[in-house]
Amino acid sequence: MTQTLPIKPVLENSPPEGYEATNVTIRPDRVKVKGPYGELADLKFIPTLPIDLSHLRENTVIATDLDFKSLHLAWKESTPIVADIQITPKTLTRNFLKVPIQAGPQPAKVAPVQVTVTVKGPWPQVQALTLENLKARVDTGNLAPGRHRVNVSVELPDGVSLVRTQPDTVTVSVAKSS
């Protein structure tokens with residue numbers, strides 16, 4: 001008997017920490033096989049040999065083969081089988097405590113002097129961030145002498161976004177010029 005069956009990828013292990021397989025496509029997606037009626041009649045698909053994801057950090061194309069297990073099947077037409085595997089970084093949200101606030105361009109006293117910054121972005125990039133990568137600032141450029149409530153802004157690397165700053169406003173005291 002001859003039958004055309006879908007090919008089902010068999011994946012083993014997970015990508016490295018911070019990454020995930022978001023899509024796996026097999027080319028071709030079907031294969032024509034021949035074998036005894038008793039083995040082919042109830043078969044819904046043909047699995048691939050296991051594809052190991054444990055070392056994949058980016059989109060990858062891997063050549064694979066069919067796993068006929070102990071079935072007595074053969075290919076009707078032998079064709080190379082390829083798995084297109086999409087790997088993407090997971091999103092990571094992370095808190096940074098005690099980020100110092102810089103005031104400028106004119107000098108001022110800031111209270112509190114530190115904030116908590118919550119960021120999110122691709123896992124590898126956010127995981128690699130340090131306190132030194134984050135710049136919390138208050139703009140004192142157009143402030144008159146006295147006390148003001150000012151929003152805190154944070155400079156972040158490309159690809160990383162700000163979730164929140166706690167507190168999001170601080171008290172800034174600008175001295176009278178002498």
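This is a predicted model: local features need pLDDT of at least 70, side-chain atom pairs count only at pLDDT 80 or more; totals for chains, interfaces and linings use all residues.

Q: How exposed is lysine 90?

A: Lysine 90 is partly exposed, with a relative accessible area of 38%.

Q: And which residues does it touch, skipping neighbours within four places in sequence?

A: Lysine 90 is in contact with Gly18, Tyr19, Glu20, Gly121, Pro122 and Trp123.

Q: Is glycine 121 buried or exposed, and why?

A: Buried, because its relative accessibility is 9% and the cut-off for buried is under 20%.

Q: What's packed around it?

A: Beyond residues up to four places away in sequence, glycine 121 touches Lys90, Thr91, Leu92, Val126 and Gly159.

Q: How far is glycine 121 from valine 163?

A: The C-alpha atoms of glycine 121 and valine 163 are 9.9 Å apart, and the two residues are separated by 42 places in sequence.

Q: What about threonine 116, which strand is that in?

A: Threonine 116 is in strand 12. It counts as buried, at 18% relative accessible area.

Q: Who are the contacts of threonine 116?

A: Leaving out residues up to four places away in sequence, threonine 116 touches Phe96, Leu97, Arg164, Thr165 and Gln166.

Q: OK, switching topic. Which strands make up the open sheet, and in what order?

A: Four strands, in the order 5-1-4-8, and the pairing is mixed.

Q: Which strands stand at the edges?

A: Strand 5 (46-47) and strand 8 (74-75). Each has a single partner strand, so one side of each is left without a neighbour in the sheet.

Q: How do strand 1 and strand 4 run, parallel or antiparallel?

A: Antiparallel, with five bridges joining strand 1 (residues 2-8) to strand 4. Proline 6 stands opposite arginine 30 in strand 4 there.

Q: And strand 1 with strand 5?

A: That pair is parallel, over two bridges. Lysine 8 has proline 47 in strand 5 as its bridge partner.

Q: That leaves strand 4 with strand 8. What's the sense there?

A: Strand 4 (residues 30-34) pairs with strand 8 in the antiparallel sense, over two bridges. Lysine 34 stands opposite alanine 74 in strand 8.

Q: Zooming out, how many helices and strands are in the protein?

A: There are two helices and 17 strands.

Q: So why call it more spread out than a compact globule?

A: Because the radius of gyration is 29 Å, well over the 16 Å that the globule rule gives for 178 residues. The C-alpha trace spans about 100 × 25 × 20 Å along its principal axes.

Q: What share of the residues counts as buried?

A: Of the 178 residues, 32% count as buried. The protein exposes about 10,800 Å², and carbon and sulfur atoms supply 50% of that.

Q: What do the contacts look like along the sequence?

A: Taking contacts between residues at least 6 apart in sequence, 71% join residues at least 24 apart.

Q: Last one: how far apart are the mean positions of the positive and negative charges?

A: They're 10 Å apart, for 20 positive and 17 negative charges.

Key. Residues are numbered from 1 along each chain as its sequence is written. Side-chain values use heavy atoms; hydrogens and water are left out. The radius of gyration is taken over C-alpha atoms; the globule rule is 2.2 Å times the number of residues to the power 0.38. Buried means under 20% relative accessible area, exposed over 50%, partly exposed in between (1.4 Å probe, protein chains only). Contact means heavy atoms within 4.5 Å. Accessible areas come from the Shrake-Rupley method with a 1.4 Å probe; for residues, only the protein chains shown count as cover. Lys and Arg count as positive and Asp and Glu as negative; His and the chain ends are not counted. The place of a charge is taken as NZ of Lys, CZ of Arg, CG of Asp or CD of Glu. Two strands pair if DSSP finds at least two bridges between them.
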